[in-house]
Amino acid sequence: MTVIAQLRNNFLFDSLDDYNCSSPPVDWTTRGTPRPVFGSLCIASCLVGVLPYLACLPTLWGMRSHACYKMMFFLGLTDMGTLVGLALGGVTFVLGGVYCHAPRISYAVGLLTCGSFFASCCACFMIAINRFVELFDIRSLLALYKGNRPWLVMVIPCLYGYIPMMVSPIATANSEAHLFLIDPLIFSDDRYEYTSYFLLGNNFTMPSMSSLLYLTMTCGMFVRRRTLSIQCGIIVIFHMTTMLGYAFLQLIHTSDALQYAAHMSWIFMHGLPPYIYFTFNSAVRMRLLGIAPSQAMRVTTTMNNSVGKS
């Protein structure tokens, strides 16, 4: 069994033997397993995440005077990109689609979904660094978050998310496995081992590093800021369990129930933040409810100043 090339030009996937649908003598119209219930559930769950984000993003944009909210706004865009891609994946499940039914469309959906997902993971880590720097008042790094510099910092998640999807193995929606798989399920003789070292590295290192930062922050501020500790803990738990679980499912075959749970967790991971903002962030909540926007900004400024001084 040959491991597929990890450095590749994905725009020329038609010429790559491991993704060439014309290699085996297969009638692809006979392949695929329609999953209307699960696919519809995926689409509905994505909408449940996208709609509140549409309400939150203008609020986050209005509070962009603080670096953290600039980065949270960018995170919202990447989360919504992932949710849109996952909703399109839900359409694939409903129709019983597989990679070889429409390779170009499958690649485009995979590029949007996985690229946005990786950008989101990196943005979460960058936000964790920002909160860590501000909480512990690391003056040598605070200059990175002055003025419009956070927008430049967000170039890093863009490059991290989308460029690897052009040059490394990519996952596509496949109704036969009701997951986004790196393996396009073209060959039945196991001639290739489909894996992505980038995906595995991201799904193991990003949650680990973010968790370490959040754990340090939680220990340092739990007594003073218990609600923020809970907020951080919820986000970290969802990221860790989902990313690690999905990475394992790329390597091993398991029960349908676990695959369904892992995919729904991926959707919830990106749809959860606006609900967390509304529940735990009083400044965002006041703005969303239209209660004294100027007062909400003063609350936010006071909150950030108190964190920086503590």
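This report walks through the predicted model shown above, from its overall make-up to single residues.

## Ground rules

Because the model is predicted, local features need pLDDT of at least 70 and side-chain atom pairs count only at pLDDT 80 or more, while totals for chains, interfaces and linings use all residues. Residues are numbered from 1 along each chain as its sequence is written, and side-chain values use heavy atoms, with hydrogens and water left out.

## Overall make-up

The protein has 13 helices and four strands. These are DSSP runs, numbered from the N terminus: helices are H or I with at least four residues, strands are E with at least two.

Of its 310 residues, 50% count as buried. Buried means under 20% relative accessible area, exposed means over 50%, and partly exposed lies in between (1.4 Å probe, protein chains only). The protein exposes about 14,100 Å², and carbon and sulfur atoms supply 69% of that area. Accessible areas come from the Shrake-Rupley method with a 1.4 Å probe; for residues, only the protein chains shown count as cover.

Now take contacts, meaning heavy atoms within 4.5 Å. Among contacts with a separation of 6 or more, 81% join residues 24 or more positions apart.

## Annotated transmembrane regions

An unreviewed UniProt entry carries the annotation "transmembrane region" for residues 37-61, 73-99, 105-130, 151-174, 194-216, 228-248 and 260-278. The positions follow the numbering used here, feature names are shortened, and annotations may be inferred rather than shown by experiment.

Residues 37-61 are 100% helix and 0% strand, with end C-alpha atoms 36 Å apart. Residues 194-216 are 87% helix and 0% strand, and their end C-alpha atoms lie 37 Å apart.

## The nonpolar core

A nonpolar core is a set of buried Ala, Val, Leu, Ile, Met, Phe, Trp, Tyr and Cys residues joined through side-chain atoms within 4.5 Å. The largest one here has 72 residues, and L60 and Y277 have the most contacts inside it. Helices α1, α2 (67-95), α3 (103-135), α8 (197-221), α10 (256-271) and α12 (282-288) each supply at least two residues of this core. Helix α3 gives the most, with 16 residues.

Helix α3 also holds N130. N130 counts as buried because its relative accessible area is 0%. Beyond its neighbours within four places in sequence, N130 is in contact with A67, C68, M71 and Y145.

## A nonpolar patch outside

Which residues form a nonpolar patch on the surface? They are L7, F11, L12, V155, L159, I163, M166 and V167, with about 730 Å² of accessible area together. Patches are made of residues with over 30% relative accessible area and no salt bridge; like charges are joined within 9 Å, nonpolar side chains (Val, Leu, Ile, Met, Phe, Trp, Tyr) within 5 Å.

Helices α6 (155-162) and α7 (164-167) each supply at least two residues of the patch. M166 sits in helix α7. M166 counts as partly exposed because its relative accessibility is 30%.

## Salt bridges

A salt bridge is a side-chain nitrogen of Lys or Arg within 4 Å of a carboxyl oxygen of Asp or Glu. How many are there by this rule? The count is two.

One joins D18 and R8, at 3.0 Å from N to O. Both residues lie in the loop between β1 (2-3) and α1 (36-62), 10 residues apart. D18 and R8 are both buried.

The other pairs R191 with D189, the closest N and O atoms being 2.8 Å apart. R191 is partly exposed because its relative accessibility is 39%. D189 is partly exposed too, with a relative accessible area of 44%.
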